[in-house]
Protein chains: 2
Amino acid sequence: SGRLKSRRTKWNVHASEMSKRTFNPIRAIVDNMRIEPNPNKAMISLSIGDPTIFGNLPTDDKVLQAMKDAVDSGRFNGYASSIGYQSSRDAVANFYSCPESPLEAKDVILTSGCSQAIELAISVLANPGQNILIPRPGFSLYKTLAVSLGIEIKHYNLLPERSWEIDLKQMEALIDDKTACIIVFPECKFIALSSLSSNVPILSCGGLAKRWLVPGWRMGWILIHDRSNIFNREIRAGLVSLSQRILGPCTIVQGALENILNKTPEEFYDGTISFLKYNAELCFDALSMVPGLQPIRPCGAMYLMVGIDMDDFPEFESDIDFTERLIAEQSVFCLPATVTPFHKRNLELCLKTNSAVRLEEVF
Amino acid sequence: SGRLKSRRTKWNVHASEMSKRTFNPIRAIVDNMRIEPNPNKAMISLSIGDPTIFGNLPTDDKVLQAMKDAVDSGRFNGYASSIGYQSSRDAVANFYSCPESPLEAKDVILTSGCSQAIELAISVLANPGQNILIPRPGFSLYKTLAVSLGIEIKHYNLLPERSWEIDLKQMEALIDDKTACIIVFPECKFIALSSLSSNVPILSCGGLAKRWLVPGWRMGWILIHDRSNIFNREIRAGLVSLSQRILGPCTIVQGALENILNKTPEEFYDGTISFLKYNAELCFDALSMVPGLQPIRPCGAMYLMVGIDMDDFPEFESDIDFTERLIAEQSVFCLPATVTPFHKRNLELCLKTNSAVRLEEVF
Ligand SMILES: Cc1ncc(COP(=O)(O)O)c(C=O)c1O
Ligand SMILES: Cc1ncc(COP(=O)(O)O)c(C=O)c1O
């Protein structure tokens, strides 16, 4: 205990290397920006990918009713299986199954948000020291999770001039012996070491967040598409093991899932899509008229990216500078492009296209 | 693409080393046991630590009402901060704050179950190659999580003959330069490199599961007790970074938390405790009368351990064998001790003490 006492005088507790490697670029950049809106103009925040935040994209009443029914049933308070209730996995399998790609409950793993789905998929496929290919531009979480796990990332390019088609040549050149998997859009599918053929095994990650507009509920899933049984040997068992570490999503949301998927009316989905489309067009048209700005029409994303020709804006030093001035003068808060690195243009802004009333104010 | 084609003929996707290191002993042992109950006796399962499973320990109505109110409010569908809503963290801080150990919202991190709290606490304090000290007997998840992260574990002993006091001498002998933290009971507190003095910084992990009897809801928390500000330099920031990987618990449960903590009547907690106590006594008294069985009175646990003197049971080879025969003859399913290793006795059974009616059937 002499040893312990002498130590206690110089307490110096270091955080782990993993925690230091875990880096969320949105937080890191935004938290260090000068955010001082023009006091004469109400703030219009276009920087957060949360469809619920302005209250103009509420979820459907059937979704809320499904939750209350699950609470009232009293049947969903105990532990579920670590990969989720059989009945909830059945419901997801039925919802996404199609003749070309049939799914059963055993092909579904319920997770705490799409984020945990992505984490499990990367952790089961790749070891520290290996690499994974991720799209650029793309969602920053892939990099955050991979780097935090000690896995390297390489960016392949999406081509905006070809509706975000993959630059296959460039992608192929990146693949080496240490490439464990390739993350592809849309629907955030994971494709392992492949040229995207139809018998490639795929872990497809999704969730309630964007389509049902309840991102806070943390309900996500992995769909295992594997018609050639390539994942049977190790990957399925590996996913089950990993799911036992902290278990999956809240059982009330699991209990509500069958009704959420089956009772939400088609009009709800259609309404969201046309709303987003209307706003995307509005933004695109308005921004197109500004010399030096090159908006890129989104295909399915909730963000709209805008290329900026820096020659047309000599007074600005960087995208961060541009964003800060937009806040200071117009009280309009966009995300600087440093957050979602892109290969071609100098810099972009991300404009959230899901807040109609307020977007009309911007222009 | 020649390279890709030649590869595609021998698809051989291996699961990661992490997934192979992730080992849940309860699942691994129980899934390999012969579980064939006596067809003439109804199965009595005492093997699962889930208080809800027999329906005789329901949660309080206020808890259910709080959930429905959170759904109806429409305020808890979007993303919360990665460490949880400020208002929910305030509620937890108020609930657990006491003059000797004051807590504010900044000292609370909401997590997806106590399991994620334990995962974050271990991940922020220890690096692969370091070790942590965990109690024996104890909950198997500490080992599962640490080993999955590449962190070594060392067992210190709890002394049943002294009400589960820590064997401090033996514990101290285990501490070396690579010891990152010590996990201690009760209330699953984490204590870093210390002889348990009052100015040791502590991460205390808890959640709704056991006290409010809703383990499926996955609501947990870390309470940061750190009056000497030792965690300010790196650990707090590290916990925030790690919380951003997959975010925390369902926002509906977060939204309900304030009412759950403040409106649940005292009688509910008292009722649960006296129910558990009654059953623990019942088990203890009945088992004490059996020659060769040495039940250990639980202090706060939902399990009751039973030492077995193997000399008195020459016909059994192992604890697994004993458990299988108990199922085959009496349809009573206990957990064999291999699941929660113990230092002294040959072998134990874990009896869940939370199912009154059915326990009375056992004896
Ligand atoms: C492409 C993509 N994947 C995953 C996520 C995370 O989803 P969740 O909130 O369900 O974890 C998002 C959220 O913005 C996303 O845009
Ligand atoms: C001591 C201890 N810690 C943690 C847990 C896990 O709690 P949760 O279900 O909230 O993750 C349990 C559950 O059995 C437990 O007994």
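Predicted model: local features only at pLDDT ≥ 70, side-chain atom pairs only at ≥ 80, totals over all residues.
Helices here are DSSP runs of H or I, at least four residues in length, numbered from the N terminus.

Because residues from chains A and B surround ligand 2, the site is shared between chains.

Several polar contacts can be picked out around ligand 2. A backbone N or O atom of B:C114 lies 2.8 Å from an oxygen atom of the ligand, and a polar side-chain atom of B:K210 lies 2.5 Å from an oxygen atom of ligand 2. The side chain of B:R218 also takes part, with an N or O atom 2.8 Å from an oxygen atom of ligand 2. On its own, ligand 2 has 400 Å² of accessible area, and the protein covers 83% of it.

A backbone N or O atom of A:C114 lies 2.8 Å from an oxygen atom of ligand 1. Polar side-chain atoms of A:S115 and of A:K210 each lie 2.5 Å from an oxygen atom of ligand 1. Taken alone, ligand 1 exposes 400 Å², of which the protein buries 85%.

How are the two chains related? A rotation of 180°, with 0.0 Å of shift along its axis, superposes chain A on chain B with an RMSD of 0.0 Å. That is the relation of a two-fold axis. In chain A, the C-alpha nearest this axis belongs to A:K68, at 2.9 Å. The interface fits this picture: 100% of the interface residues of chain A are also interface residues in chain B, so the copies meet through the same surface.

The backbone has some details worth a look. In chain A, a cis peptide bond joins A:R136 and A:P137, with omega about 0°, and A:P137 is found in the loop between β3 (131–136) and α7 (141–148). In chain B, a cis peptide bond joins B:R136 and B:P137, again with omega about 0°; B:P137 sits in the loop between β3 and α7 of chain B.

Positive phi values form another point of interest. B:L213 has a phi of about 60° although it is not a glycine, and its place is the loop between β8 (202–207) and β9 (219–225) of chain B. Buried means under 20% relative accessible area, so B:L213, at 1%, counts as buried. B:S331 is another residue other than glycine with a positive phi, near 60°. B:S331 lies in the loop between α12 and β12 (332–333) of chain B, and at 0% relative accessibility B:S331 counts as buried.

Terms used
Residues numbered from 1 in each chain as written. Chains lettered and ligands numbered in written order. Heavy atoms only, no water. Polar contact = N/O pair within 3.5 Å; in protein donor to acceptor, adjacent residues only side chain to side chain. Areas by Shrake-Rupley, 256 points an atom, 1.4 Å probe, with all protein chains shown as cover. Least-squares fit on C-alpha atoms with pLDDT ≥ 70 in both. Contact = heavy atoms within 4.5 Å. Near = heavy atom within 4 Å. Helix = DSSP H or I, 4+ residues; strand = E, 2+ residues; numbered from the N terminus. Buried < 20%, exposed > 50% of the residue type's maximum accessible area, 1.4 Å probe, protein only.
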